[in-house]
Amino acid sequence: MARTISDIYKDIQSLSDSEKNELLRTLVAELDAPADSEVEKAWLVEAQRRYQDLVDGTVQGVPGAQVFERLRNRLHQ
């Protein structure tokens, strides 16, 4: 017989923090699709290109606080 989500949730509430962390890591790993090596390589190439653009001065970095402020403003429009 399948257990209900609420039964499972009650069991989770009784776990220690470290057990909850372990369960969460296991669930996330199970849900993650296997990495596509070609996609991984493409992202690495892109990250290296963007880093080099910063080093060369081709692009200007934007402070994180400013990025998040802009994002908050966009989301609240």
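I took helices (H or I, at least four residues) and strands (E, at least two) as DSSP runs, numbered from the N terminus. On that basis I found four helices and zero strands in the protein chain. Read along the sequence, the pattern is α-α-α-α.

I noted that this is a predicted model, in which local features need pLDDT of at least 70, side-chain atom pairs count only at pLDDT 80 or more, and totals for chains, interfaces and linings use all residues. Residues are numbered from 1 along each chain as its sequence is written, and side-chain values use heavy atoms, with hydrogens and water left out.

**Overall dimensions**

The protein chain has 21 Å, whereas a compact globule of 77 residues would have a value near 11 Å. Along the principal axes, I read a C-alpha trace spanning about 60 × 40 × 25 Å.

**Surface and burial**

For accessible areas I used the Shrake-Rupley method with a 1.4 Å probe; for residues, only the protein chains shown count as cover. The protein chain exposes about 7400 Å², and carbon and sulfur atoms supply 58% of that area. I called a residue buried under 20% relative accessible area, exposed over 50%, and partly exposed in between (1.4 Å probe, protein chains only). Buried residues come to 1% of the 77 residues in the protein chain.

**Helix H2**

The 15 residues of H2 should span 21 Å, and the end C-alpha atoms are 21 Å apart, which agrees. Is H2 buried or in the open? The number of buried residues among its 15 is zero, so H2 lies largely in the open.

I picked Leu23, which lies in helix H2. Leu23 is partly exposed, because its relative accessible area is 29%. Ile12 is 11 residues from Leu23 along the chain, and their C-alpha atoms are separated by 8.9 Å.

**Charges**

I counted Lys and Arg as positive and Asp and Glu as negative, leaving out His and the chain ends. Each charge was placed at NZ of Lys, CZ of Arg, CG of Asp or CD of Glu. The protein chain has 10 positive and 14 negative charges, and their mean positions are 7 Å apart.

**Salt bridges**

Side chains of opposite charge can pair when their charged atoms come close. I required a side-chain nitrogen of Lys or Arg within 4 Å of a carboxyl oxygen of Asp or Glu. How many salt bridges does this rule give? The count comes to six.

One of them joins Asp11 and Arg3, with the closest N and O atoms 2.1 Å apart. Asp11 is partly exposed at 37% relative accessibility, and Arg3 is partly exposed at 48%.

In helix H3, residues 37–56, Glu38 and Lys41 are three residues apart, so about one helical turn separates them. Their side chains meet in a salt bridge at 3.6 Å, N to O.

Glu46 and Arg50 form another salt bridge, at 2.8 Å from N to O. Glu46 counts as partly exposed at 23% relative accessibility, and Arg50 counts as partly exposed at 48%. Both lie in helix H3, four residues apart, about one turn of the helix. Salt bridges that share partners join Glu46, Arg49, Arg50 and Asp53 into one network.

**Ala2**

Ala2 is exposed, with a relative accessible area of 71%. Ala2 and Glu38 are 36 residues apart in sequence, and their C-alpha atoms are 39 Å apart in space.

Key: Expected span 1.5 Å × (residues − 1). Rg over C-alpha atoms; globule rule 2.2 N^0.38 Å.
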